[in-house]
Structure formats: C-alpha cells, structure tokens
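Here are my notes for you, as numbered points. Have the model open while you read, and click along as the residues come up.

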Amino acid sequence: MAQTCLKCLKYTMCLVNFLFFMCGTAVFGFGLYMMMNSKVSSLIPSLASLNLANILFIIGIIITCVSFLGFLGALKENRCLLIAFFILLFLLMVVELAAACVMLVYEGEIDKFLQDDLQRSLQKSMKSEKSGNSTYSEDDWDIIQTTFNCCGIYNASDWVDKIPGSCCSTPVTPCNKLWEKGCYTKLKDWFDDNFLSVGIGLIVLCVIEVLGMCFSMTLFCHISRSGLGYKL
C-alpha cells in the first residue's frame, strides 16, 4: 500500500511539473515575442529595462527550470535534483512573500514613484510630439491607450492641448469623444476591485509551492531509506 501511494505521488509530481514546464515555456515564448515586437518600455523611464516583456521572459525561465528539476528528480528518483527543487521552491516562496510585504508596507511610496515616472514619460512624449521627433515613449502611450481604452495618466487633460488620436473613443474624424478615465486611474481601480482575487491567487500559489516541497521531501526521504539516492 505504501509503495502504491509513493508511486502515485511520484507520477503526480511528474505530471504537475510537466504541466508547469509547458506553461513556463509558453510564458517564456510570449515574453520573447513581446521583446521582439513590442516597444512598450518607456512608460516608466526609471525601470525601462524591467518592462512587461522582460518580466515575462524571466518568469518563464524560472518556471521552466524549476519544473524541469522537479520532473526529472521525481522521474529518476534522484535526491540531488529533488533537494535542489525543494530549495528553489522555498526561495521562490520567500521572495514572493517578501515582495508582497514590501508592496503593502511601502504602498504609498510605490504609488508616488509610479505617478512621478509616468508624468516624466508623458512630458517627454509631449515634447517629442511638439518638436516633431518620433520616440518610443510616444508609441508606448498610443499602444497603452488603445489597448486599455484610457487617456493620459488621470484623464485627457494630462495631454493639455496635445491630445493624441489614441485617446479617441470613436473612429470618426475629427474626434468628438475621448476616453474618460486615465490609464493609471483605470489600472488602480482594477487592482482595487480585484484586490481579493489577487490575494487569493498569491495564497493558492504559495499552497502549490508548499505541496511541491512536501511531495519532493517525501520522495527524498523514501529514496534515502531505500538506498537509491543517486539513481540515474
């Protein structure tokens, strides 16, 4: 009975890690695609290198590597791979919880930092439009405003008298109606409305990581008792 349960645990761990490996590959591929085709990088000048494409790329690599370790460690019953999988999962969970705590404690400072950076980006875009020079920032704002049906940071008045066509909510020319909400306001409202869902998602992720650590440690202990520690 015990052997059956351990085999079930082993193949369950293999299946779950394989699914996460596929998801990680998809996230990695999507991040790579965005890096090659998207210009959205200048909305937050201070963190220009830490844009959405790069974040997805890094997350995809992490998920792929960790899940591969878990899959191979369970399949081959290798103690080294299993303990490496356990340590990486533990570190990831610590980083996630630390990041969540920092965001809660320094919410006001982060909020002000984002608003100031967005203001600088918008001012740069307005100056480039006034001088007739095309910049990434201008393209970035057009993409964001068209995608999320918003205008400016708080509302259309942020653009003063240089309102771009991407702020138009109707396809007619000249534009007779603008998007009412700003992009930052819309994002903040969405986060406030879905704060509980985001919290539940983080808790579920931590539970999955804890289960992964428990499964890997159970297999590790079983292999140690069986004398199969370095089976290849």
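This is a predicted model: local features need pLDDT of at least 70, side-chain atom pairs count only at pLDDT 80 or more; totals for chains, interfaces and linings use all residues.

1. Start with Ile61: it is partly exposed, because its relative accessible area is 34% (buried means under 20%, exposed over 50%, and partly exposed in between, with a 1.4 Å probe and protein chains only). You'll find Ile61 in helix 2, residues 52–76 (helices are DSSP runs of H or I with at least four residues, numbered from the N terminus).

2. Residues are numbered from 1 along each chain as its sequence is written, and side-chain values use heavy atoms, with hydrogens and water left out.

3. Now look at how helix 2 meets helix 3 (residues 79–105): their axes come within 8 Å and cross at roughly 145°. Axes here are lines fitted to C-alpha atoms, for helices over the stretch in contact, and angles run from 0 to 180 degrees between N-to-C directions. The crossing is left-handed, a label used if the near helix is turned anticlockwise from the far one by less than a right angle (clockwise would be right-handed).

4. Which residues of helix 2 and helix 3 make the contact? Among them are Ile62, Val66 and Leu69 of helix 2, and Leu81, Phe85 and Leu92 of helix 3 (contact means heavy atoms within 4.5 Å).

5. How many disulfides does a search of the whole structure find? There are 2 (a disulfide is a pair of cysteine sulfur atoms within 2.5 Å). One joins Cys150 to Cys183, S to S 2.0 Å. That link is right-handed, with 85° about the S-S bond. Cys150 sits in the loop between helix 5 (136–148) and helix 6 (183–193), while Cys183 is in helix 6, so the pair ties together parts 33 residues apart in sequence. Both Cys150 and Cys183 are buried.

6. The other disulfide joins Cys151 to Cys167, again with S to S 2.0 Å. Its torsion about the S-S bond is about 90°, so the disulfide is right-handed. Cys151 and Cys167 are each in the loop between helix 5 and helix 6, 16 residues apart. Cys151 counts as buried because its relative accessibility is 0%, and Cys167 is buried with a relative accessible area of 0%.

7. Last stop, Cys101: is it buried or partly exposed? Cys101 is partly exposed, because its relative accessible area is 47%.

Technical notes: Helices (H or I, at least four residues) and strands (E, at least two) are DSSP runs, numbered from the N terminus.
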